[in-house]
Amino acid sequence: MSIHDIRIIETERLILRPPIREDFDAYAANMADPEAAHFIGGVQSRAVAWRGFLTLAGAWMIQGFSMFSVIEKTTGRWVGRLGPWQPEGWPGTEVGWGLAREAWGKGYAYEGAAAAVDWAFEHLGWTDVIHSINSDNLPSIALAKRLGSQFLRHSRLPEPYQDVTVEIWGQTREAWLRGK
């Protein structure tokens, strides 16, 4: 898949698309929010957030996929990032999420993650999907369950998070399609 094959995903309330430069201010603000950033790498300075943002954008060019920017249709504002994610050494083919605090509690994570799982199975040909979740992140565990995922195992992430043990939740493509 080339970058030119990427289509925008639209759900009832969201637009999922690759990140663009104009998303960065909201992304940096999210990564500076201690509560929002707690389980997605921790608080980051603007300079460190820039490098993370470019990692997401660059993965689209190199891998043909990465997390999408999540855009709220009614306002046009960036409200998070979610989607397929598989850096070097990652414990599997992940669909992950990280939303801005003002987007919490609206069902956006479920709506966007479900669309991203569909996209990963249909367009990337993945046979399974995981979600790597800190065991203290109860809202994300609840979301994984709502998506139909099951607890699979404990794992460690690659550097620089090698000291953190996470829970791996996931399901096969067949289980996902059965649950729809």
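Predicted model: local features only at pLDDT ≥ 70, side-chain atom pairs only at ≥ 80, totals over all residues.
At 9% relative accessibility, W169 counts as buried, since the cut-off for that class lies under 20%.

- W169 is paired with F151 in an edge-to-face arrangement, with 5.9 Å from centre to centre and 75° between the planes.
- Because F151 is part of strand β7 (residues 150-156) and W169 is part of strand β8 (residues 165-172), the pair ties together parts that are 18 residues apart in sequence.
- F151 has a relative accessibility of 36% and therefore counts as partly exposed, whereas W169, at 9%, counts as buried.

**Other aromatic contacts**

- F65 and W126 also make an edge-to-face pair, for which the centre-to-centre distance is 5.5 Å and the angle between the planes is 90°.
- This pair links distant parts of the chain, 61 residues apart, with F65 in the loop between α3 (46-63) and β3 (68-72) and W126 in the loop between α4 (108-123) and β6 (128-133).
- Both F65 and W126 are buried.
- A cluster joined by ring pairs is made up of F24, Y27, W50, F53 and W78.

**A charge over a ring**

- The face of Y110 has R146 lying over it, at 3.8 Å from the ring centre.

**Helix α4**

- The 16 residues of α4 reach 22 Å from the first C-alpha to the last, which is close to the 22 Å expected at 1.5 Å a residue.
- Twelve of these 16 residues are buried, so α4 is largely enclosed by the rest of the structure.
- After α4 comes G125, which has a positive phi, near 75°.

**Annotated domain**

- According to UniProt, in an unreviewed entry, residues 14-174 carry the feature "domain: N-acetyltransferase", an annotation that may be inferred rather than shown by experiment.
- In the model, the end C-alpha atoms of residues 14-174 are 26 Å apart, and the span is 36% helix and 27% strand.

Note on methods. Residues numbered from 1 in each chain as written. Heavy atoms only, no water. Phe/Tyr/Trp six-rings, centres within 6.5 Å; stacked < 30°, edge-to-face > 60°. Helix = DSSP H or I, 4+ residues; strand = E, 2+ residues; numbered from the N terminus. Buried < 20%, exposed > 50% of the residue type's maximum accessible area, 1.4 Å probe, protein only. Lys NZ or Arg CZ within 6 Å of the ring centre and 35° of its normal. Expected span 1.5 Å × (residues − 1).
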